[in-house]
Amino acid sequence: MSIYYHENTKTFHLTNGAVSYLMKVLPNGALGQLYFGQAIRDREDFDHLLEMRCRPMSSCVFEGCGSFSLEHCKQEYPSCGSTDFRHPAVELRQPNGSRITDFVYRSHTVTSGKPPLEGLPATYCEADGEAETLTVHLEDELLQTSLYLSYTLFAGQPVLARSARLENHGGLELHLTAAMSLSLDLPDSGYEFVHFSGAWSRERHMKVRRLEQGIQSVESARGHSSHNHNPFIMLRRPGADEERGEVLGFSLVYSGNFLAQVEVDTWDTARVTLGINPFGFDWKLSPGGVFQTPEAVMVYSCQGMGEMSRTFHRLYRSRLARGQWRDRPRPILINNWEATYFNFTEDKLISIAQAAREDGVELFVLDDGWFGARCSDLAGLGDWVANPDRLPGGITRLAERIEALGMKFGLWFEPEMVNKDSDLYRAHPDWILHTPDRRTSFGRNQLVLDFSRPEVVDCIYNMMARILSEAKVSYVKWDMNRSITEAYSAALPPDQQGEVLHRYILGVYRLYDRLTKRFPHVLFESCASGGGRFDPGLLYYAPQGWASDNSDAVERLKIQYGTTFCYPVSAIGAHVSAVPNHQVNRVTPLSTRADVACFGTFGYELDLNRLTAEERAQVRSQIAFMKEYREVIQFGDFYRLLSPFESNFTAWMVVSKDRRTALVGWYRVLNEVNGPYRRVKLRGLDPALDYAVDGGVRRGGDELMRLGLLTTDSAAGERQPDEPAACDFDSHIFVLKA
Ligand code: DGJ
C-alpha cells in the first residue's frame, strides 16, 4: 500500500493494488481529481489526464489563459463562485455577503493508521499496516481558513474513506452552508444511478435509472436518514451485474439529513457529491471554530455489484461496527411487540418467554409500554421508570425472572422522544424542538427532545443508565418513531438555528457513545419505526438494526435484498411473526417466514403459546438450524443470485470463509402449474470441491456455479412420492457441505 506524492508534478497517487486514486494540484493551487478506479502503475506524471483546452464561451481563471476553466476541469473539493458553475462541495458565507472561496494547496501529511473523527462514527483500523491516511491541507488565504481533506486507504481493499475539516484561523465570522464529505468528478456519465428508496414498511427498494444531463439525487430532510432514501448510492456501468462490470458505491457514515447527488454537465462529466444535506444547514464557523464532516466511504468494483457489496460488508462488519458483539453470532430473540402490543402483564410476558425458552430462544426482549404511564402511544415517553401497575417488581425483578428461565433479557427505549402526557414534559416543556410562537407538529402523538442540548442528553442518559445498571439487561432496542419538524432549539441563538439538526445527531451519537462505553456487554439494536435510520452511522454503535416494521416474509424479500447492497447480514434484524401478517394480512408458511428471517439476526415476534404442537416442533428445528449455521450466515460471504425486483423468484447464498459450507436461500412468491424446470447458478464455491446438497447428492462446485443447482419441484409437473407440495410463498434453504 502506498501513498505517493510527486513533487515535480504535484501529483498524489493513493494505491494498494486494488484501487488507484489520483489527484493533482491545479494551476490555481486547488486540488484536481484525475482518476478513481482499478489500480494502475505509478508514474511521476499524469498531467495528460488534466485535459485542459480552450473552449468557446468559457470563463477562465487567469487573465490571458483561455484553457484553464474550473468548469472544464475535474476537481477534488470544488469551491463556489469562480468559473465552475456546478454545485460545490463547500460554501462559506462571509460577513460581506460573498460565498466565493479559493482553497489552495499548502501541505500534506501521510500517517499510518486512521485517526478517529471527534464525536462522529467512522471506520477504523486495529493493527499496524491496515490503513494509511493522507491529509491534504488547503487554505483560503483571504479568510485564513484551512480545509483538511482526509483520505484513508485500507490495505488490499478497494475502499477509500474520506472526510473534510474546516478550521477558521482568521477573525471573520463565517457561515458554512455546505460542507460535503465527498466530491468526485468522473470523466464520463455512462452509468446507471442506483439507489434504495421507499417508505415506512417498504424500505430500501432498489431503483435504477440512467444518468442524464442535469441533477439526480436522493436525500433526507427529515432529521434522520429515513425510510424514504438511504445514504448509499451506486453508479454502475450499463450491463454490470452481480459478477461483472464496473460499479462504484458511495456510502455516508451519518444518521441525519443527507444529500447524495450526481450532477451531469452538458459535456457528460459526472460530479458525485455526498454529505450532510445543505438544505437548511448553516453552521456558524466563528474565529477559532472547527467543523468536521461525517465520513464518506467509496468502494470500487470491477466485478460487479456483488463484489462491491462484499467489500462494504467486510468493512462495515469488522471496521465500522465495534464492541463485544461485533464478531459474535447474534442471540436468537423473542420480542413481545407483535405478540401483545401495549397489552401485557408481567405474567403474560413470562409465559411468552417460557415458551420461547422451551424452544431454544436465548433472549427475551420487552418492547414498548413498560414505563411511565405508557398504556398506549399517547403517554409516557420520556419517563424511563418502570410502570409499577404492570411490573410491580420493576425491570429488575422481571429481568431476574427471565434470567432464571435461562434467557437473557433485553429492553426497548425511545430515548429521543417525549409525550406531552409525561412527567418529563411537564417538568421541561422547553426541552422539545419547537419554534417560538408557532404550532408544534406531532408524529405518533409525540414530540422530539432537543438532543442538541447536552443537559437533555444527560438527563436521558441518567435515566437509562440507572435501569441498565440496576437490572440485568443484556440488550437494548433503541427506537425513534417520528421525523423531526420545527427544528429550532430554545438553547441556540438565531444565527445558529441552522445547526440544530446536525447538533441533534451529534447528541444521539454522544448518548450512544456513553451508553456503549459504560455497558460494553449490552448488545444494541437500532430501530426507527423499522428501518428509518438504518445507516452506517448507527452501525458504529449498534451492530444490528431492525430492518423494517414489515415482518411479512414476501415483503421482506425486497427489503432484505435491497439492504444487502451496502449492509452485512449480521446487521439486518429479521423476525418470524404471526399470520395473518399484521402489516399486509398475508398468510405465509411458517417455514418461509423462518427461511427469510434466518438471513438476518433472527428472532420471533409472536406468542409461541398460540402455535400448534406441530408448529412448535417446526420452531424448535428452525432454532436448532439457526444455532448451527448462524456463524456462517452472519459472517460468511454473501451473494445475491435472483432479484425479487425482477421476477417471482428470489435467491441468495452465504459461503463460509473456507468455502466448505454454503447455504442457499431460495424463494418463490406465487406457485406455478406445469412450470419450467428451474436451476439457479451459485457463486463463491470452490470449483474443485464436491458438495453434498442437503446431506444427499454430491455436486461439483464447478457444476453448481456453471450449470446451477436444480431447484425444480412439483410446480413443474407431477409430484414425486415424499415430495412436499409446492405452494404460494414457498421457500427452501439448501445446505451444501464439502
Ligand atoms: C416501532 C418499532 O419499529 C417496532 O418494532 C416497535 O418497537 C414499536 N415502534 C413500538 O412502539
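**Close-up views of the predicted model**

**View 1. In strand β23, G410 is the bridge partner of V365.** The model is a predicted one, in which local features need pLDDT of at least 70 and side-chain atom pairs count only at pLDDT 80 or more, while totals for chains, interfaces and linings use all residues. Residues are numbered from 1 along each chain as its sequence is written, and side-chain values use heavy atoms, with hydrogens and water left out. Strands (E, at least two residues) and helices (H or I, at least four) are DSSP runs numbered from the N terminus. Strands β22 (residues 363-366) and β23 pair in the parallel sense over four bridges; two strands count as paired if DSSP finds at least two bridges between them. β23 (residues 408-413) also runs parallel to β26 (residues 475-478), joined by four bridges, and V476 in β26 is the bridge partner of L411.

**View 2. β22, helix α4 (residues 394-404) and β23 form a right-handed β-α-β unit.** Right-handed means that, with the strands pointing away from the viewer, the path from the first strand over the helix to the second runs clockwise.

**View 3. An open sheet of nine strands has the order β29-β28-β27-β26-β23-β22-β21-β31-β30, with parallel pairing.** Its edge strands, β29 (572-573) and β30 (575-577), each pair on one side only. β21 (residues 333-335) and β31 (residues 603-605) pair in the parallel sense over two bridges, and the bridge partner of I334 in β31 is Y604.

**View 4. L366, W370 and I395 touch the most other members of the largest nonpolar core, which has 193 residues.** Such a core is a set of buried Ala, Val, Leu, Ile, Met, Phe, Trp, Tyr and Cys residues joined through side-chain atoms within 4.5 Å. Helix α6 (residues 454-470) gives the most to this core, ten residues. Leaving aside residues up to four places away in sequence, I395 touches residues including L366, W370, F409, L411 and I467; contact means heavy atoms within 4.5 Å.

**View 5. Helix α3 (residues 346-359) has buried residues, among them L349, I352 and A356.** The cover over the buried residues of α3 includes β21, β22, α4 and α11 (613-635). Just after α3, G360 takes a positive phi of about 110°.

How values were computed. Buried means under 20% relative accessible area, exposed over 50%, partly exposed in between (1.4 Å probe, protein chains only).
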